[in-house]
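Trainee: Could you take me through how features are read from a model like this one? I would like the general idea before each case.

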Amino acid sequence: MRFVVAFHWQDNHCCAIFPAMSKNTDPAAGETGENTTHFGFRDVPESQKASMVREVFDTVASKYDLMNDLMSGGVHRLWKDSFINELKPRPGMKLLDVAGGTGDIAFRFLKNGGGSVTVCDINYEMLHVGRDRAVDHGILKNINWTVGDAQKLPLPDQSVDAYTIAFGIRNVTRIEEALSEAYRVLRPGGKFQCLEFSKVVVPGFDKLYDTYSFKLLPEIGRFIAGNREAYQYLAESIRKFPDQDTFASMIRAAGFERVKYRNLSGGIAAIHSGWRI
């Protein structure tokens, strides 16, 4: 039996990324000349975003499944099943699941025949929830829990067969650095796969989705989780994430080949993938 809890604290905290960065657009950053990035619809100094994101997820960690149910109408469970089916787990396959603290992807991977998985998340509270869930479900072997930064992964070069990140990359400060790290830790022939909220492609549906996201979701979050602001940020972070084609271009720029994406539920979410050849 193998049940390892490994905590690797990093000085630079983060677990998601954003493409658009401006300089000196935030008054607080202007005094020091520090670059800014997005925190929802706000521009904030890059050095502050990670702690702000961490505070959001500290707040919602215990209700993370409920959060995803609210944001997707419960469909996220089907999306994750499809995500794992596309990954095609096999015995001996070694997976790194980033920003997967509560274990949703890791559990599915092991259940569908995967070899072993390391769950890496910047947020200890999320990992704590995941470890408890693993024990409750009797998942006590072939799974490691590691506190780590998506932009500075605590793993050796070319050490895993697959890299997944689900609903996490939009929260990272620098997407390019996280993608570069994904490429670094993958072995030649390894697969990168990302599941993320994306841009609605069905005409007319985008307006209904906006109404739900910005009018209803924050109020539901206030009622259910007692935190309207966290859900407001999560809705805004989806809109600030690059569209499908832009993100695919970023994956290619990181060195991946055979890059493609598949829309889910009219583009509410999308599965992106690429290979390290």
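Trainee: Which residues in helix 7 meet which residues in helix 10?

Mentor: Please keep in mind that this is a predicted model, where local features need pLDDT of at least 70, side-chain atom pairs count only at pLDDT 80 or more, and totals for chains, interfaces and linings use all residues. Residues are numbered from 1 along each chain as its sequence is written, and side-chain values use heavy atoms, with hydrogens and water left out. Helices (H or I, at least four residues) and strands (E, at least two) are DSSP runs numbered from the N terminus, and contact means heavy atoms within 4.5 Å. Here Ile 175, Glu 176 and Leu 179 of helix 7 meet Phe 247, Met 250 and Ile 251 of helix 10.

Trainee: At what angle do helix 7 and helix 10 pack?

Mentor: Axes are lines fitted to C-alpha atoms, for helices over the stretch in contact, and angles run from 0 to 180 degrees between N-to-C directions. Helix 7 (residues 175-185) and helix 10 (residues 244-253) pack at about 50°, with axes 9 Å apart. Helix 7 is therefore oblique to helix 10, since angles under 35 degrees count as roughly parallel, over 145 as roughly antiparallel, 65 to 115 as roughly perpendicular and the rest as oblique.

Trainee: Is Lys 80 buried or exposed?

Mentor: Buried means under 20% relative accessible area, exposed over 50%, and partly exposed in between (1.4 Å probe, protein chains only). Lys 80, which is found in helix 4 (residues 76-87), has 2% relative accessibility and so counts as buried. Leaving aside residues up to four places away in sequence, Lys 80 touches several residues, among them Asp 104 and Phe 167.
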